[in-house]
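I opened this structure to see how its parts sit against one another. My entries follow in the order I looked things up.

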Amino acid sequence: MEAAHLLLLLCAYALTIPTLSFATTDAYPAVPGTDSGDCSLSDAHISLTPTRREVYGDGRIFDISHRFSTDMPAFESSEGVGQFVWLAKSMKNGSIANNSEMKLPAHTGTHVDAPGHVYDHYFDAGFDVDTLDLEVLNGPGLLVDVPRDKNITAEVMKSLNIPKGVRRVLFRTLNTDKRLMFKKEFDTSYVGFMRDGAKWLVENTDVKLVGIDYLSVAAYDDLIPSHLVFLKEREIILVEGLKLDDIQPGIYSIHCLPLRLKGAEGSPIRCILIK
């Protein structure tokens, strides 16, 4: 199902995807002096201008992980993430090399949840991010637009008509339109799964990777109940805080890689889409 047959299913589904409006602004502000993306060499000095990109390979590869910054939102905080990296050893202070140190919560920015996040017996048994299945985290899947006026309920899931055999789905919601991941203060009104929507997905689809565009896959009013449904059988992997601006709904190759953190129930993750 992961090969030719699945591709046929996805292609058939792509013909039914409705075109909804979504954010068309740049994911991040332009970095001054980086239009060419090249470093210029002059007789007097070398001008270094780093380029930060969201799209690679002539529009074929999309980075859908958020750039870490002090002002990115943190769960249930009005202050954002705050300082998370500092230069512990500096060449300017006589060290032989620059060496930074980092400290941040495991569920910061674009990240993944392991079963131990909401099940204490799974946490004690060692079902951490290092046990997550890379086959689930990498492979063909769909980016779908969710109706903008509601959370993801069973009714919404039915309306999306996700074909059997599809194992990976990224859900773009009103969160992207409102640019919530670019706002420092946590917003409890974000769109996410209600318990009945999570239950419908588990019981009626073959989806094993669920991705969404804010800090939790579950709506704030159904926070723990939805997580419990998703993670109960340890088959579904949740990817949260995705950056889905300016990407057309459709079929992509999804690639997500968490850090190998033994004992951690969550991890920052780098995710890309490839056309």
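I began with the contacts, meaning heavy atoms within 4.5 Å. Of those in the chain with a separation of 6 or more, 73% are between residues 24 or more positions apart. I noted that this is a predicted model, in which local features need pLDDT of at least 70 and side-chain atom pairs count only at pLDDT 80 or more, while totals for chains, interfaces and linings use all residues. Residues are numbered from 1 along each chain as its sequence is written, and side-chain values use heavy atoms, with hydrogens and water left out.

Next I looked up the make-up of the chain. I found seven helices and 13 strands; these are DSSP runs numbered from the N terminus, helices (H or I) of at least four residues and strands (E) of at least two. Of the 275 residues, 44% are buried, that is, under 20% relative accessible area, with exposed being over 50% and partly exposed in between (1.4 Å probe, protein chains only).

Then I turned to strand E8 (residues 138-145). Six of its eight residues are buried, so the strand is mostly covered. Strands pair if DSSP finds at least two bridges between them. E8 pairs with strand E12 (residues 250-258) in the antiparallel sense over six bridges, and there Leu-143 has Gly-250 as its bridge partner. E8 and E9 run parallel, joined by four bridges. On that side I found Asp-145 opposite Arg-172 of E9.

I went on to helix H6 (residues 195-204) and helix H7 (residues 223-231). Their axes, lines fitted to C-alpha atoms over the stretch in contact, come within 8 Å and cross at roughly 10°, on a scale from 0 to 180 degrees between N-to-C directions. H6 is therefore roughly parallel to H7, a term for angles under 35 degrees. H6 brings Arg-195, Ala-198, Lys-199, Leu-201 and Val-202 to the contact, and H7 brings Pro-225, Ser-226, Val-229 and Phe-230.

Which residues of H6 are buried? I found Gly-197, Ala-198 and Leu-201. They lie on the same side of H6, because they cover an arc of only 100° around the axis, taken from the directions from the helix axis to the C-beta atoms. Their cover includes helix H4 (154-160), strand E9 (168-172), strand E10 (209-212) and H7.

Last, I checked Asp-124 in helix H2 (residues 120-125). Is Asp-124 buried or exposed? At 61% relative accessibility, Asp-124 counts as exposed. Its C-alpha atom is 8.9 Å from that of Gly-263, 139 residues apart along the chain.

Terms used. Angles under 35 degrees count as roughly parallel, over 145 as roughly antiparallel, 65 to 115 as roughly perpendicular and the rest as oblique.
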